[in-house]
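Hi,

Here is the structure I said I would pass on. Have a look at it first, and then read my notes below.

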Amino acid sequence: MDKNVEVVVIGGGITGLVTTFLLKEKGVNVLLLEKANRVGGQLNTIDDEGFLFESGPNTGVISNKEVLDLFRKLGNDCTLQIARKEAKVRLIWKKGSFRPLPSGLLSAISTNLFSWHDKINILFEPFRKKGKNPNESIADLVKRRLGKSYLNYAVDPFVSGVYAGDPNRLVTRFALPKLHRLEDEYGSFIRGAIKRRKALASEKAQGISKDVFSVKGGFGQLVKALQKKIGDEFIQLSAGSIKLEPSSDGSWVVTLGSTEKKITSKKVITTVPAYALPDLLSFIDTKEIAPISSLTYAPVVQIGVGLNNNSRVPLAFGGLIPSIEKEKILGILFNSSCYDDRAPKGKASLSFFLGGMKHPHLLNLSDEEIIKLVKTGLHRMMKYPEDTPIEKIYIFRHSKAIPQYEVDTEKRLEKINLLQEKYKGLILAGGIRDGIGLADRIKQATDLASL
Ligand SMILES: Cc1cc2nc3c(=O)[nH]c(=O)nc-3n(C[C@H](O)[C@H](O)[C@H](O)COP(=O)(O)OP(=O)(O)OC[C@H]3O[C@@H](n4cnc5c(N)ncnc54)[C@H](O)[C@@H]3O)c2cc1C
């Protein structure tokens with residue numbers, strides 16, 4: 001054998017990087033294998049003359065303490081950036097204009113996003129019965145408890161923003177477990193929200209919040225910091241097509257496609273996407289692994305747009321477009337309104353999103369067609385003059401961007417458990433389970449490193 005280590009981690013996205021970093025911190029002999037010639041996976045920042053554009057995530061949410069712990073450990077190598085308080089407002093597109101999503105009782109009453117029928121009916125939400133279908137979709141749950149206008153103008157655009165998904169297909173207990181628990185544990189969203197106030201206050205005291213975060217200089221700096229902490233000698237890039245084999249003595253043999261080099265290890269943690277697993281685990285019958293590898297991913301086109309003036313960009317997080325409005329654009333993030341370092345002073349950096357589960361065909365648009373859509377969006381949605389020049393534009397097409405936790409999730413999770421039982425020392429992780437947000441990925445990595 002060419003090398004023997006305790007743990008091999010496969011896939012150098014945020015999950016694999018954080019897992020490797022934390023294992024290494026604990027003194028474990030670990031090696032990270034990455035197929036591509038760079039680590040970071042979906043995290044990638046472009047810095048072009050003072051404009052920062054992300055090809056993947058723009059922000060995470062500080063929804064657990066593992067995020068804070070990670071940044072504490074990274075110290076000066078990476079600076080956590082919390083979005084400007086004033087930029088917390090979320091805008092929702094309705095009938096030709098953006099309107100703020102209510103953030104308090106008064107605005108919840110006065111908003112014209114929701115119908116009066118649903119606003120009055122929400123008073124009875126605490127008295128509504130619990131649902132019976134364990135795999136109830138987000139859309140069905142919201143219609144049942146809150147009413148159709150809340151689904152159309154709050155939850156549908158939120159689901160677009162997070163999952164690029166379809167609320168009719170996503171299963172609440174897997175896709176939005178916190179929302180599911182409010183009904184499951186407290187019988188009602190409102191009652192649950194009131195009862196959880198104490199717990200929320202204690203979480204807030206620890207720094208856990210709904211605040212969105214990035215990193216000074218963009219998420220590429222987080223990747224750099226993790227790479228530096230791990231050390232290049234513990235990362236194998238351009239590993240090619242990797243094959244895993246269980247060996248008779250209970251260890252694992254990992255063969256690198258690029259060099260035919262063989263590595264043995266006690267434990268292997270995969271963090272690669274679902275569709276990469278059949279090739280990697282070719283010792284498992286493709287039919288047997290199908291409940292995992294068949295996971296659906298939403299396609300997303302993200303367009304980084306740099307403008308030479310920010311005069312029309314609201315001081316808000318961004319604007320989301322509900323499906324019912326039948327627009328091609330899913331949403332626009334106002335990155336330079338959230339963080340100072342996203343664009344040169346007075347200029348704007350925005351991210352446009354297209355595609356998702358409801359418009360997968362938009363992935364096939366040409367650059368010219370995409371630019372035309374962006375220009376129309378700038379003019380019609382953001383009120384920029386029609387001939388506004390675009391200073392920078394980057395188009396990132398992700399054919400398999402975001403895992404969709406749909407009705408097949410239960411079977412997928414069962415299969416993951418079965419395979420982990422059957423093949424001791426093999427851990428199947430990454431976005432195939434435990435959540436798709438950056439905070440979920442960091443939490444999973446922390447859990448993996450403490451197994
Ligand atoms: C456009 C977009 C926008 C997003 N926006 C947000 C957001 O605003 N907030 C948020 O919290 N989350 C967001 N996400 C989700 C978030 O980016 C992901 O959940 C997270 O980055 C996934 O990290 P990961 O390490 O689990 O997977 P990945 O980043 O996919 O990493 C997997 C790694 O495995 C490697 N790999 C694949 N196959 C093999 C193989 N056979 N052998 C070895 N290596 C292999 C890949 O090259 C990759 O480096 C967004 C995602 C996308 C695509």
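Which element gives the most to the shell around the ligand? That is β18, with three residues. Before I go further, keep in mind that this is a predicted model.

Let me stay with the ligand for a while. There are 30 residues around it, and those that come nearest are Thr 15, Glu 34, Thr 59, Ile 436 and Leu 438.

- Glu 34 has a polar side-chain atom 2.6 Å from an oxygen atom of the ligand.
- Thr 59 uses its backbone instead: an N or O atom there lies 2.5 Å from a nitrogen atom of the ligand.
- Ile 436 also brings in a polar backbone atom, 2.4 Å from a ligand oxygen.

As for burial, the ligand taken alone exposes 1000 Å², and the protein buries 86% of that. Two or more residues of the shell come from each of α1 (14-25), β18 (390-403) and α17 (438-449). By residue type, the shell splits into 15 polar, 12 nonpolar and three charged residues. In terms of domains, at least three shell residues come from domain 1 (3-41 + 64-79 + 214-295 + 405-449), and at least three from domain 3 (297-403).

Next, the surface. A nonpolar patch there is formed by Leu 105, Ile 109, Trp 116, Ile 120, Leu 123, Phe 124 and Phe 127, and together these residues have about 860 Å² of accessible area. Helices α3 (105-110) and α4 (116-121) each supply at least two residues of the patch. Where does Phe 124 sit? You will find Phe 124 in the loop between α4 and α5 (138-145).

Last, the charges. How many salt bridges does the structure hold? The count is 29.

Cheers

Definitions and conventions:
Residues numbered from 1 in each chain as written. Predicted model: local features only at pLDDT ≥ 70, side-chain atom pairs only at ≥ 80, totals over all residues. Heavy atoms only, no water. Near = heavy atom within 4 Å. Polar contact = N/O pair within 3.5 Å; in protein donor to acceptor, adjacent residues only side chain to side chain. Areas by Shrake-Rupley, 256 points an atom, 1.4 Å probe, with all protein chains shown as cover. Helix = DSSP H or I, 4+ residues; strand = E, 2+ residues; numbered from the N terminus. Nonpolar A, V, L, I, M, F, W, Y, C, P; charged D, E, K, R; others polar. Domains from an automatic or database assignment. Patch = residues over 30% accessible without salt bridge, like charges linked within 9 Å, V, L, I, M, F, W, Y side chains within 5 Å. Salt bridge = Lys/Arg side-chain N within 4 Å of Asp/Glu carboxyl O.
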